[in-house]
Amino acid sequence: MFDFAPQANEYLRTHLFGDIFERDNLDWQIRELATVSMLAAMSGVEPQLQSHIGISMNIGLRPEQLYALAAVLEARFGLEAAERVRVGIQCQLDVRHE
């Protein structure tokens, strides 16, 4: 999508994420959990989901916490969203062990 409409990427980064993340009402871990949850709920955004799972781990979230998020997503949203997170976690773990 961003190859077709590069302005959309800039808009998302500046206005959506920039404006929301600039506020101090949520810490970085909670922000990433929210981002991972929303990305997991959508199909076709797996690269972004992978990236945010990696960011989550880089800022201190443990795989166990992300697996717990996947369990909540499965119970509240559905198996597909949960599996996207589980696959993303495993991919990140595989990359980190290479």
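Which residue lies over the face of Trp 28? That would be Arg 31, at 4.8 Å from the ring centre; a charge sits over a ring if NZ of Lys or CZ of Arg is within 6 Å of the ring centre and within 35 degrees of the ring normal. Heads up: this is a predicted model, where local features need pLDDT of at least 70, side-chain atom pairs count only at pLDDT 80 or more, and totals for chains, interfaces and linings use all residues. Residues are numbered from 1 along each chain as its sequence is written, and side-chain values use heavy atoms, with hydrogens and water left out.

**H3 and H5**
- Helix H3 (residues 46-58) packs on helix H5 (residues 79-96) at about 60°, with the axes 9 Å apart (axes are lines fitted to C-alpha atoms, for helices over the stretch in contact, and angles run from 0 to 180 degrees between N-to-C directions).
- H3 and H5 are therefore oblique to each other (angles under 35 degrees count as roughly parallel, over 145 as roughly antiparallel, 65 to 115 as roughly perpendicular and the rest as oblique).
- On the H3 side, the contact includes Leu 49, Ile 53 and Met 57, and on the H5 side Val 85, Ile 89 and Leu 93 are among the partners (contact means heavy atoms within 4.5 Å).

**H2 and H4**
- Helix H2 (residues 28-40) and helix H4 (residues 63-76) cross at roughly 45°, their axes coming within 11 Å.
- That makes H2 oblique to H4.
- Leu 33, Val 36, Ser 37 and Ala 40 of H2 meet Leu 66, Leu 69 and Leu 73 of H4.

Technical notes:
Helices (H or I, at least four residues) and strands (E, at least two) are DSSP runs, numbered from the N terminus.
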